[in-house]
Amino acid sequence: DTHTNFYAYRSILEILNELNTQYDFVIINRLDSALYIHDVDNFMNNYDHNTIYINGKIVKDSLSNPIFVQDHFFMGSYNSIKYLLENLPTPNNLKNSHSDFSKYLYNLPLNISNNDGYIFNIHIRPNMRNIFNSYFQNKKILNKDDLFLKFSNEFMQSKTHLTLENNWKS
């Protein structure tokens, strides 16, 4: 694999097979990322067992071809995640981490959902820490935290997020 995440996904499949335990739910997420599921109790009691949940949407070009998806996070029932991992394309078919993974997800015989904006997942870059630290300074995140959902959606749609992300990458 030319991308660390896909190597890790194959390793996760090996671990799941070795443990021989069927979990209720599996979350795959990069360690430098934050994950928030709005009303997590309701979500866990009502999620679709044939769905892979992702961050955002699969972006398509003008011809409806899948061209981009976040590749660092997905979650779902044990069976749906196991299916995704068992059928992961070979490394030569995952050369572009985002676009090749989006094509793979798009063609899976499973549903793909971002839970309509109620899942927040982001790499918290070092230059973003102050923004999140200041938010949490006097607040504790709740199971159903409308203020955090508003904060996270506004942050993701702001120029600040894009600027900080681009500054970190350059």
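Visitor: Which elements do the buried residues of helix 3 pack against?
Guide: The buried residues of helix 3 pack against helix 1, strand 1, strand 3 (51-54), strand 6 (73-77) and helix 4. Contact here means heavy atoms within 4.5 Å, and buried means under 20% relative accessible area, with exposed over 50% and partly exposed in between (1.4 Å probe, protein chains only). Before we go on, this is a predicted model: local features need pLDDT of at least 70, side-chain atom pairs count only at pLDDT 80 or more, and totals for chains, interfaces and linings use all residues. Residues are numbered from 1 along each chain as its sequence is written, and side-chain values use heavy atoms, with hydrogens and water left out.

Visitor: Thanks. And which are the buried residues of helix 3?
Guide: In helix 3 (residues 78-86) they are Tyr 78, Ser 80, Ile 81, Lys 82, Leu 84 and Leu 85.

Visitor: How many helices and strands are there in the protein chain?
Guide: The protein chain has seven helices and eight strands. Helices (H or I, at least four residues) and strands (E, at least two) are DSSP runs, numbered from the N terminus.

Visitor: Switching to pockets, what volume does the largest pocket have?
Guide: About 820 Å³. On a 1 Å grid over the protein atoms alone, a pocket is an open set of points where a 1.4 Å probe fits, with protein on both sides within 12 Å along at least five of seven lines; lining residues have an atom within 4 Å of a point. Grid points are joined across faces, edges and corners, and the volume is the space filled by probe spheres set on the points.

Visitor: Which residues lie nearest its centre?
Guide: Asn 55, Gln 70, His 72, Asn 121 and His 123, out of 32 residues in the lining. Elements giving two or more residues to that lining are helix 1 (4-19), strand 1 (25-29), helix 4 (97-106), strand 8 (119-123), helix 6 (146-157) and helix 7 (159-169).

Visitor: How many of the lining residues are polar?
Guide: The largest pocket has 16 polar, ten nonpolar and six charged lining residues. Ala, Val, Leu, Ile, Met, Phe, Trp, Tyr, Cys and Pro count as nonpolar, Asp, Glu, Lys and Arg as charged, and the others, Gly among them, as polar.

Visitor: Now aromatics: how many pairs?
Guide: The count is 22 aromatic pairs. Rings of Phe, Tyr and Trp (its six-membered ring) pair if their centres lie within 6.5 Å; planes under 30 degrees apart count as stacked, over 60 as edge-to-face and the rest as tilted.

Visitor: Why is the pair of Tyr 135 and Phe 151 stacked?
Guide: Their ring centres are 4.3 Å apart and their planes are at 20°, so the pair is stacked. This pair links distant parts of the chain, with Tyr 135 in helix 5 (residues 129-136) and Phe 151 in helix 6, 16 residues apart.

Visitor: Is Tyr 135 buried or exposed?
Guide: Tyr 135 counts as buried, at 9% relative accessibility. Phe 151 counts as buried too, at 17%.
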